[in-house]
Amino acid sequence: MNRVRCLVLNAALGPLDYKVPEGLYVEPGSVVECPLGPRTVIGIVWEAERLPGTEVPAEKLRNLRGLLPIPPLSAPLRRLIEWTADYYVASLASVARMALSSGGALKGPATMTEYRLTGGMPERMTPQRERAMEALEGEQANIRELAGIAGVSEAVLRGLVNQGVLEPVEVDCDRPYDAARPDFAHVELSAEQRAASDILAEAVRKAEFAPFLLDGVTGSGKTETYFEPVAEALDMGRQVLVLLPEIALTENFLHRFEERFGASPVLWHSSLKSTERRRAYRAVSNGSAQVVVGARSALFLPFAQLGLIVVDEAHETSFKQEDGVRYNARDVAVMRGHFEKVPVVLASATPALESLQMAESGVYTKIDLPSRFGGAQLPSIDTIDLTEEMPPQGMWLAQRLVDGIEERLERGEQSLLFLNRRGYAPLTLCRNCGFRYQCPNCSAWLVEHRFTNRLACHHCGHEAPAPQACTECGEPDCLVACGPGVERIADEVAERLPDARVFVATSDTLNSPGRAAEFIAAVEACEIDVIVGTQLVTKGFHFPELTLVGVVDADLGLEGGDLRAGERTYQQVAQVAGRAGRGSKPGEVLIQTRHPEAPVIAALAAGDRDAFYSAETEMRREAGAPPFGRWAAIIISSEDDAEAREAANRLGAFRPQVAECVILGPAPAPMALLRGRYRYRFLINARRSVHLQDVIRHWLRQVDHPPGVRVAVDIDPYSFV
Ligand SMILES: Nc1ncnc2c1ncn2[C@@H]1O[C@H](COP(=O)(O)OP(=O)(O)OP(=O)(O)O)[C@@H](O)[C@H]1O
Ligand SMILES: [Zn+2]
């Protein structure tokens, strides 16, 4: 039979049947061009029995237009797409699109035109041209990407091409990557590391699904330990996927990887240039990309011969995707391992409660690395009760913490201050009229950034110059910054310790791999005395001279009280504390808090992880919260408030009555306005026995909404805004 069923990349359409023309060979997984009316859409040939659709009589079938030049998506990847769509209540098409994530890779020709500066000058210089030429120094990319880098229009750049200032370069899109060599460098593992890596390497050899929780204290050398099973997979000619939560962390990882394997791994993240994306995608699909290091989207790449998956810093909440298909990469990674029949390693010093629970119940094998590598000791931890040791008026650091930094300065050691707030101050208000600066698109205050002298929204990216006079009442010099951000803490350190060299480390300052590398080099060369940073500096970094960590406000994460507030605070503080004393010198951690008696803080101070986790586990069990019960959120949004509210109410009228399943709402979401959309929310809490996804799918199917209304389902939500 020359009829095939296709999953087309259009969420509004169901599966479609086509005829396979003479001479075209397709099989399940083949990526094909499907005619649709006058257009052509991309589709994936699927097993018809797994994709129920309406039977179309043979004479009505249209011919497939062609086969795209990439290998068919493998059966394990097709099963992963099905599972993800089913579990996260998403359309198959939207998940499948994540697996075809490089438009370029699906096309034929293997060269591409990029442009770079020639060193020539234009006949006439304009400010825009000047700006572009400055920004494009050392860059090579296509016109659209260069325009993005330079912040000018494509027309400006085309003008520069015509003038010979930019020249075209033909790039071979499929140049091979350098080979990683499993035996490049020999690493002497500690006995503890060796025992762990042996178990993992053995699992790689067996080539079966096996989930592991590599639970190692900060500085125990988890990376070195999982490099051995990586080497094992390479020896077997298999590919490896390593997921990292943050691009800023890859720099450090790349460096260590190169030292161990003599070549760079293949990178995958959202800001890759399209040529690099295409190259990586094709190399992954033909098996020549040996080790891929990526953000969560790498999870859906079409590996030819996967042998191992590692999720590093597996507890990180940034593995949860918060728009489009709202999946948790940690959980999907385990499912991919299941379908591919390969081991999966979740590595963390502060595992998610869910992961520990899976280990407890025997589903995951837990491997411990209880001590730091090379005899380094875990740091000593103490709290500073801010109600007793008050910082001076208008300041945020207690004297004891400042004294600690000063001691480090005298000894030539380094300090790290952690505050999870970018910018200078989280709120700006007018002393004269009380006006508070709010984002026009979001229910959020604008954050002052003194470096750039702007007020910015951290949710939608809205920005405005910081006003000189109040925009409401017109009074000059009346604006007050309320509360601290990292920039303000850096100012305070500079004021109280004028000799200290202070650096603010956030996603604003470490926004490219190059900048991250410079930062690491500067710290290693001891050109920085005090780092003031957000969650970005809490993990991954290894600075031997860093001996003091100060947590500026440990209570911050506990406010707002969402389900995981305690756990998240514990993880953040434990991770940042873990940056102290990783070399031969002992580390000290000072935690500023107004609630030293709060269970999380007390557990941190006592270094008693087990006490924290068992108290938290009991609380979750009682509340029916994950992993004991299940949560889901449904967010209804529209640019029109009334439309969103009505849609939510209409859906509310159809709420299902299901035993052991409580549906709360609709209520305005805590972020009632986000990126210009008004939002209403339902929260669903169910026992594990309830098939939550079916309940939600059935419910949502009963109500149609106007085109302006969006309905988003969030299974196992992490964000409760
Ligand atoms: N067997 C080893 N031989 C040489 N150096 C090692 C070895 N194991 C670990 N190290 C070094 O010890 C330091 C700490 O290791 P690593 O950063 O992997 O710890 P980690 O467990 O990932 O910690 P964290 O969770 O805090 O990021 C690194 O500089 C690493 O290179
Ligand atoms: Zn905003």
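I began with strand β26 (residues 629–638): 10 of its 10 residues are buried, so the strand is largely enclosed by the rest of the structure. I count a residue as buried if 20 or more other C-beta atoms, placed from the backbone, lie within 10 Å of its own. I took strands as DSSP runs of E of at least two residues, numbered from the N terminus.

I noted that this is a predicted model, in which local features need pLDDT of at least 70, side-chain atom pairs count only at pLDDT 80 or more, and totals for chains, interfaces and linings use all residues. Residues are numbered from 1 along each chain as its sequence is written, and chains are lettered from A and ligands numbered from 1 in the order in which they are written.

I then looked up the two faces of β26. In a regular strand, side chains alternate between the faces of the sheet. Gly629, Trp631, Ala633, Ile635 and Ser637 are buried on one side, and Arg630, Ala632, Ile634, Ile636 and Ser638 are buried on the other.

I looked up the partners of β26, taking strands as paired if DSSP finds at least two bridges between them. Ten bridges, written 10 in my table, link β26 to β28 (residues 677–687) in the antiparallel sense; isoleucine 634 has phenylalanine 682 as its bridge partner there.

I turned to an open sheet of three strands, ordered β18-β19-β20 with antiparallel pairing. β18 (447–449) and β20 (463–465) are at the edges with a single partner strand each, so one side of each lacks a neighbour in the sheet. Strand β19 (residues 454–456) is joined to β20 by three bridges, and arginine 454 has proline 465 as its bridge partner.

Methods:
Helices (H or I, at least four residues) and strands (E, at least two) are DSSP runs, numbered from the N terminus. A residue is buried if 20 or more other C-beta atoms lie within 10 Å of its own, exposed if 12 or fewer, and partly exposed in between; C-beta atoms are placed from the backbone.
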